Amino acid sequence: MASLDIIWWIVLARLSSHGVARLVISFFMLAMMLGLIAIIAARMSRGDWDRLIPKFAVSAIFIWHFIGLGLLSLIGILLVPILVGQKIVLHKAPLEVEESAEASHWSRRDFLRFSGVMLPPVFTLGLTGIAMSQLTSFRVRRFVLPIIDLPKELDGMTIAQVSDMHVGRFTKGEVLEEVVRVVNEMRADLVLLTGDLINDALADLDTGLELARRMESRFGIAIIEGNHDLIENPREFETRVRASGIPFLLDESMIVDVRGVPVQLLGLRWTRVYGEGRDAAIGAEVRKLLEERTPDAFPILLAHHPHAFDAAADEKMPLTLSGHTHGGQLMLNEQLGFGPALFRYWSGLYQRGASKLIVSNGVGNWFPLRVNAPAEIVHLTLRQE
């Protein structure tokens with residue numbers, strides 16, 4: 001990314017003959033490049049000094065490098081044949097035409113070049129403004145789920161699912177207080193946190209655990225881990241969460257008494273296998289965990305990665321709760337975007353036979369911008385089918 005920053009800095013600076021445009025693009029590219037290096041260096045050194053960078057600036061750095069830089073490079077590749085053809089045509093054109101074009105103080109070509117040079121900072125800062133408004137808001141998404149063989153005492157049982165809080169770089173301050181307030185107003189029977197409590201830094205873990213302690217439920221709360229929780233130091237994360245007193249399920253289960261009926265919560269550890277064998281590894285771990293099922297208890301599987309649902313449905317688990325996908329993060333519509341490109345299940349309700357899966361978009365953010373994938377807390381009401 002830093003190399004592409006340098007390349008495009010040179011290209012854009014040479015593209016414009018206007019001093020103002022060159023000054024703006026030089027300042028923008030230098031700020032983006034140095035900001036990226038600072039964030040990476042801070043994470044690699046486990047330092048906290050990147051927190052001194054304003055949220056707006058960090059958002060702009062992320063949006064430029066994950067969206068703007070890629071789009072600009074793609075456009076550049078597509079324009080190469082056109083520019084080569086234009087060079088050939090201009091080379092063959094009469095000298096008088098070239099001199100006439102150069103004589104114009106503000107030709108159409110100059111205007112197009114100026115606009116092209118200014119587009120990267122305008123595009124980035126515009127999206128950053130939109131992202132800043134999103135970082136302080138979320139919705140409550142409600143589902144009523146008919147469940148086959150749901151005990152009659154559990155008819156109407158409610159669950160608040162809080163996933164992907166990502167406490168840290170982009171999710172902090174007042175929005176976290178609002179999350180706790182909304183969860184507590186639900187007065188849900190169970191509060192279940194399905195992974196990615198923190199964004200990456202263990203310096204934010206105490207804040208995340210304190211927020212979880214303040215979430216109120218009528219019968220119980222439980223938490224599982226996600227991939228972002230393990231970025232800095234997996235062992236330290238797991239040790240500190242276990243010591244917090246909050247029920248933490250790592251390939252294990254717990255029984256919660258809800259209205260006099262045992263409800264078994266089964267929590268899947270994050271599967272640290274990548275590549276082609278990932279889904280098979282997730283399935284194997286799900287099947288091993290479900291060996292703990294208690295026959296007289298109503299089971300709920302908590303699995304950060306939604307692909308755990310395939311094995312869960314094979315084992316006839318009535319309900320699986322997942323997160324991880326952020327609803328696809330950047331979606332053109334409900335069916336087009338990063339969600340379906342990367343996952344079989346990416347947002348909302350899925351069903352296979354009598355088994356149901358809920359995938360939460362998550363209430364926090366590792367990336368500042370969302371498109372057609374709003375942040376959310378999920379509220380579930382279970383009903384007898």
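Glu210 and Arg213 lie 3 residues apart in helix H7 (residues 205-213), so about one helical turn separates them. Helices (H or I, at least four residues) and strands (E, at least two) are DSSP runs, numbered from the N terminus. The two residues form a salt bridge, with the closest N and O atoms 3.4 Å apart. A salt bridge here is a side-chain nitrogen of Lys or Arg within 4 Å of a carboxyl oxygen of Asp or Glu. Glu210 is partly exposed at 38% relative accessibility, and Arg213 is partly exposed at 43%. Buried means under 20% relative accessible area, exposed over 50%, and partly exposed in between (1.4 Å probe, protein chains only).

The model is predicted: local features need pLDDT of at least 70, side-chain atom pairs count only at pLDDT 80 or more, and totals for chains, interfaces and linings use all residues. Residues are numbered from 1 along each chain as its sequence is written, and side-chain values use heavy atoms, with hydrogens and water left out.

The structure holds 22 salt bridges. One of them joins Glu238 to Arg269, with the closest N and O atoms 3.2 Å apart. Glu238 sits in helix H8 (residues 234-243) and Arg269 in the loop between S6 and helix H9 (278-289), so the pair ties together parts 31 residues apart in sequence. Glu238 is buried at 12% relative accessible area; Arg269 is partly exposed at 27%.

Arg344 forms a salt bridge with Asp310, the closest N and O atoms being 2.6 Å apart. This pair links distant parts of the chain, 34 residues apart: Arg344 is in the loop between helix H11 (338-342) and S9, and Asp310 is in helix H10 (residues 308-314). Arg344 is partly exposed at 38%, whereas Asp310 is buried at 19%. Both belong to a network of salt bridges that also links Asp279, Asp314 and Arg352.

An open sheet is formed by 6 strands in the order S5-S6-S7-S8-S10-S9, with mixed pairing. Its edge strands, S5 (252-258) and S9 (348-352), each pair on one side only. Two strands pair if DSSP finds at least two bridges between them. S5 and S6 (residues 261-267) run antiparallel and are joined by 7 bridges. Val256 stands opposite Val263 in S6.

The structure holds 1 cavity of 30 Å³ or more. A cavity is a set of points on a 1 Å grid over the protein atoms alone where a 1.4 Å probe fits but cannot get out; lining residues have an atom within 4 Å of a point. The lining of the largest cavity includes Glu225, Arg269, Trp270 and His304.

Methods. On a 1 Å grid over the protein atoms alone, a cavity is a set of points where a 1.4 Å probe fits but cannot get out, and a pocket is an open set with protein on both sides within 12 Å along at least five of seven lines; lining residues have an atom within 4 Å of a point. Grid points are joined across faces, edges and corners, and a volume is the space filled by probe spheres set on the points.
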